[in-house]
Amino acid sequence: MTYLTPVVGVVLGVLVLNEPMHWNEPAGAALVVL
């Protein structure tokens, strides 16, 4: 469960705060989930 906290933080930052998402963030999230 601890590994999903950064993924949720990035998703909320993009959706709520309109932060830009770069190509390495989804790649890192996929590595964390795997």
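**Exercise 1. Find where Asn18 sits in this predicted model, and work out whether Asn18 is buried or exposed.**

Solution. Start with the location: Asn18 belongs to the loop that links H1 to helix H2, and H2 covers 24–33. Next, look at the backbone. Coming after H1, Asn18 has a positive phi, near 55°, and Asn18 is a residue other than glycine. Now for the surface. The relative accessibility of Asn18 is 63%. The cut-off for exposed is over 50%, so Asn18 counts as exposed.

**Exercise 2. How does the reach of H1 compare with the span expected at 1.5 Å a residue?**

Solution. First, count: H1 runs over residues 4–16, which gives the helix 13 residues. To get the expected span, you take 1.5 Å times one less than the number of residues, and for H1 that comes to 18 Å. Then check the model: from the first C-alpha of H1 to the last, the helix reaches 18 Å, close to the expected value.

**Exercise 3. Which residues make the nonpolar surface patch, and which helix gives the most to it?**

Solution. Begin with the members. Met1, Leu4, Val8, Val11, Leu12, Leu15, Val16, Leu17 and Val33 build the patch, and its area is about 940 Å². Now pick out the main contributor: H1 gives the most, with 6 residues. Patch residues need over 30% relative accessible area, and Val8 has 46%. That value also makes Val8 partly exposed, because this class lies between 20% and 50%.

**Exercise 4. Is Gly28 exposed or partly exposed, and how far is Gly28 from Pro6?**

Solution. Find Gly28 in helix H2. Its relative accessibility is 30%. Since partly exposed falls between the buried limit of 20% and the exposed limit of 50%, Gly28 counts as partly exposed. For the distance, go from C-alpha to C-alpha: Gly28 and Pro6 are 22 residues apart along the chain, and 9.9 Å separates these two atoms.

**Exercise 5. What does the chain look like as a whole: how many helices and strands, and what percentage of its residues are buried?**

Solution. Take the secondary structure first: there are 2 helices and 0 strands. Then the dimensions: along the principal axes, the C-alpha atoms fill a box of roughly 25 × 20 × 10 Å. Of the 34 residues in the chain, 6% are buried.

Terms used. Residues numbered from 1 in each chain as written. Predicted model: local features only at pLDDT ≥ 70, side-chain atom pairs only at ≥ 80, totals over all residues. Heavy atoms only, no water. Patch = residues over 30% accessible without salt bridge, like charges linked within 9 Å, V, L, I, M, F, W, Y side chains within 5 Å. Areas by Shrake-Rupley, 256 points an atom, 1.4 Å probe, with all protein chains shown as cover. Salt bridge = Lys/Arg side-chain N within 4 Å of Asp/Glu carboxyl O. Helix = DSSP H or I, 4+ residues; strand = E, 2+ residues; numbered from the N terminus. Buried < 20%, exposed > 50% of the residue type's maximum accessible area, 1.4 Å probe, protein only.
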